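Hi everyone, thanks for coming. Please have a look at the structure on the screen, and I'll walk you through some of its details.

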Amino acid sequence: MSPENIPSGTSRERINKLKRAFAYNIFYRQGVTTRTATLNDYYLAVSYTLRDRMQHLFINSVEALLEKNAKIVCYLSAEFLMGPHLHNNLVNLGLFDDFAQAAEESGLNLKKIIDHEEEPGLGNGGLGRLAACYLDSLASLQFPAIGYGIRYEYGMFDQEIVNGWQKELSDRWLHPGNPWEIKKPDMACDVGFGGHTEVYHGERGNRRIRWIPARVITGIPYDTPVPGYKVNNVNCLRLWSAEAHKSFDFEDFNTGDYYGAVEDKMAAETITKVLYPNDEQFQGKRLRLEQQYFFVSCSLQNMIRIHLCSHESLDNFFDDFAIQLNDTHPAIAVPELMRLLVDEHLYGWEKAWEITSQTLCYTNHTLLPEAMEKWQIGLFDDLFPRHLEIIYEINRRFLEEVRLKYPGDCERLSRMSIIDESGPRYIRMANLACIGSKAINGVATMHTELLRKHTLADWNTMYPGKIRNVTNGVTPRRWIAVSNPRLTSLITDSIGEKWLTHLDELRNLEHLADAPAFQEAWDTVKKENKEDFAVTILQQHGILVDPSAMFDVQVKRIHEYKRQHLNVLHIITLYNQIKANPDIDMVPRLFVFGGKAAPGYVMAKLMIKLITSVARIVNNDPDVQDRLKVYFIANYNVKIGQSVYPMTDLSEQISLAGKEASGTGNMKFSMNGALTIGTLDGANVEIREEVGAENFFLFGLDVNEAMEQQATGYHPMDYYRNNPELKGAIDLISSGHFSHGDRELFRPIIDSLLYGDQYMLLADYQEYIDCQDRVGKVYRNKTTWTRMSILNAARMGKFSSDRSILDYSKKIWDVKPFPIELKWQRLPEDGVLFTPRQLKKFV
C-alpha cells in the first residue's frame, strides 16, 4: 500500500498539482522561466517538488518518535554511498508514474532529469553502500533510525583514465545544488581538539577532570530524509559539516593580515573538506583521525540532546538508543561517550561504563591485519589528551579482568590490550571497540567463524556469544526496482509485487525456470539490458560490442586481494590461445572492469594500467576478430552500477578464500540473474548454498588449504615453472608486449607474483582457467544458462538487507518496528505543517 502522502484527488487532479508545483519551483525557487531554464534547473524543480511531498512524512516521523519515546537505531559510519536520490525516492514513495506523466505533459523528459543527478560523493565502496542499503531497509521495515556521518564537501575523487593511468579529480558533487538536504544550524555542536586536562574538585569534594581544548570547531547538521518503501516512515541521514567558531577576524583584516582574518575558518572547514584524505603523509593521518572524532562527537552530543528532551537523566540512555559502529572508524565513540558522561554529565565511572557498554555495538568488516586501524599514541595525545587518559583507564580495568580470568598469560594480555607495545606504541581501535561494545558482529557466516577462530579468538574465548553473525544484504528497491525496471516488470507480472519487501517471494519463480515462454521473456530482458550497455560503450568510447557475447564483469575497489590481475591472466591466456591458433572456436566475451584505486596505493594503480594496456592490444588485434573485448569503466559509482548489474552474464568474485569479509556486489549480480564464478570466500559461501552448487561456478583453494600451504611454505615460482600457459601469460607481460616494449613497467606486478604472491593467484590459476572453460561450455547451451540465471535470482531472498536488519533488530539492537500514523496536516497555500490543535488555533 502506498504511503498516505500521495497527492489526494483523482489522477488528473494529482497530475495537475504536480505540473503546477514544477512551474512554481522553476519560477520562484530557481528564479528562471522556461525560456532560460537549464536541465539542472528542471532537475532541482522536480526534486524540490518531490521533497515537499516527502517532508510532512518526515516531520510526522520525528514528532511521533518524540511523543512515543521509541528506541532509535543510530548508525555511525564514515561513509554513506547513497547513490542518486530522485529515482529511488520516486519508487519508494510510489510516485514514479505520476511524476513521469506530469513531466511529459510539462514538456520534460523524466529519464533525462534522473540521469542528470549528481551522485553524492559520500563513500568509497562496499562499506558506504552497505550503510545506504541499511538506511533504506530500516525505513521500509519501519524501524526508527538516524544515520550519522560527514558531509564531505568533496567526496571520493572522480576517476579519469589518461593514457591508461588513473587520474584523480576533485568530486564537486555539491556544486549543482543539493535539493535533498536541510541545514539545521540551531542544532550545532561544539567539538574540541588538543589542549590539556586539569584536575578540579566537584561540589562534594570529589576529584574530577576538565578538558581545556586548544581549539573548538562547530559541527552543523544537514538532514536528508530517507523514505521507506510505500510506508509513512521517513528516517534521517544526518551529516555534519565543520565550521569555525569565528569565521572572520575584523581586527586581523584591518591590520592587513588578510590570511589571518580567515585562517580559523579555513582550518575548521578542512576537517569535512574531502573523503578519505591520502594518509601516506602524517598530516593525512591526522586529518583522518580528526574527521572520525568530529562526526562521532557531534553525533553523540546530538543523541544526548534528543534523549534529554524527554528524560531528566541519561540513566536509561541505552533503552532509547542502539548505536552501531560501522567498522572501526567510529570506535572513538567509546572514550567520547565516557567523557561526555563522566566529565560533562558528572556520572561515576561504573555507571558511565554501564551506559556506554550497553549502548554501543561494533561491526567488524575485515580480516586483513593492515585494515585494522591503529593510531600512534603521540598523535592521539596531541589531539585528544582527555580521551587518552580515559583509554588508559579502560585498558587498566580491562586487563585486570583478563589477569583474573587467565592468570600468568602474558601473551594474551599483550594481544588483548588496547595499547600495542610491540614496537612504537599504538592504540588498537578494534580492541577498543570490542571492549566497549555489548555485541560484535561479523558480516558473513564464514567471516564470523574466522573472527571467532583467528582474528578475535581471544574475545570469543573470554566472552562466549558476544561475537554474532549478521550476513550482509542489499536493498532490492535500489538494486532491482530502480536498476532493472524491465526485470522488475517481468517478475511483478509473474508473481505480484510483494517480493519487493519480502524477497523470499522470488522463490515463486522457481516453477517458471523450465517454462519456455518465461525463459524467452527472461532472455529478452537480459538481451535488451545488454544492448543498452553496448550502445553506451559505442557512443562513449567507439568500441563495438556484440550483445550476444558473454558479458563477464568484475567491478569493485581495485586491490590486490580482489585479484583483478587473476582475471587479466585469464584474458591473456585466451589471447595467447587465439594467437597460437587463429581459427580456435571460442565463446565471444566482453570483459568489463570498474573500480577505483586509493590515491596512495601504487600497486593498485599499476593494476589499472595493466588492464587498460591489455585492452588496448586485445581490442585492436585483427587476429582476435571480436572474440575478446576488454573495457574499463572510468569513475565507477552507484549510478553506473545500476546499469552494470542488469546486463551482466558472469559475475567475477575471485578473491582468495579467507580474505573478503562478505562482499555485496556478488548479491546484486545474482539478484539480477548473473551467474557467479568464485571462490569459497565471504558471502560466496552462502550464495552457493542458497542457489545450489550446480548453479555456481566454484574454483580455488578453500580457507584451510590456503592457510596450510602458507604455513608449510608456498612457492609460487613452482607453479610458474610447471604450467606452460601460466608461464606464457606472465612472460608476455614481462616481454613488454602490452607496454610498448617497456619490460620494466609491469615488473612490480610480476615480481610480486613470482616472489611472494601473497594472495596466491598462481596456486588458483589453473582451477580458474578450467572453471572458465566450463563457463564457456554452459553459456553455449542457452536453455541451461537461462534456467541457472532464473534460479540464481529466485533463490536470493536471504540476501535482502531487510533480512539483515531484522537479524540486527533481534540479535543485537533489541528494537521493534514503529509504524507512523499521519497526524499532521498541510496548509495548501504555503505548505506549513501544524497539528490539528495548532491548526484550529491558527484559523
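**Charges, rings, strands and a pocket**

Let's start with K466, whose charged end sits over the ring of Y463, 4.8 Å from the ring centre. A charge counts as sitting over a ring if NZ of Lys or CZ of Arg is within 6 Å of the ring centre and within 35 degrees of the ring normal. K530 also lies over a ring face, that of F551, at 4.7 Å from the ring centre.

Before I go on, a word on the source: this is a predicted model, where local features need pLDDT of at least 70 and side-chain atom pairs count only at pLDDT 80 or more, while totals for chains, interfaces and linings use all residues. Residues are numbered from 1 along each chain as its sequence is written, and side-chain values use heavy atoms, with hydrogens and water left out.

Now, rings with rings. How many aromatic pairs does the structure hold? There are 23. Rings of Phe, Tyr and Trp (its six-membered ring) pair if their centres lie within 6.5 Å; planes under 30 degrees apart count as stacked, over 60 as edge-to-face and the rest as tilted. F193 and F384 have ring centres 6.0 Å apart and planes at 45°, so this pair is tilted. The two are 191 residues apart in the chain, with F193 in strand β6 and F384 in the loop between α13 and α14. Helices (H or I, at least four residues) and strands (E, at least two) are DSSP runs, numbered from the N terminus. F193 and F384 are both buried; buried means under 20% relative accessible area, exposed over 50%, and partly exposed in between, with a 1.4 Å probe and protein chains only. They also belong to one aromatic cluster together with W211, Y293 and F380.

Is the pair of F697 and W785 stacked or tilted? It is stacked, with 6.1 Å centre to centre and 25° between the planes. F697 lies in strand β23 and W785 in helix α32, so the pair ties together parts that are 88 residues apart in sequence. Both F697 and W785 are buried.

Next, the strands. Three of them form an open sheet in the order β13-β15-β14, with antiparallel pairing. β13 and β14 stand at the edges with a single partner each, so one side of each has no neighbour in the sheet. Two strands pair if DSSP finds at least two bridges between them, and β13 and β15 share three.

Elsewhere, β21 and β22 run parallel, joined by four bridges. Both faces of β22 are covered: L675 and I677 on one side, T676 and G678 on the other, are all buried.

Two asparagines deserve a look. Most residues other than glycine have a negative phi. N163, in the loop between β3 and β4, has a positive phi of about 55°, and N163 is exposed, at 66% relative accessible area. N635, in the loop between β20 and α24, has a positive phi of about 60°, but N635 counts as buried at 18% relative accessibility.

Last stop: which helix gives the largest share of the lining of the second largest pocket? That is α21, with six residues.
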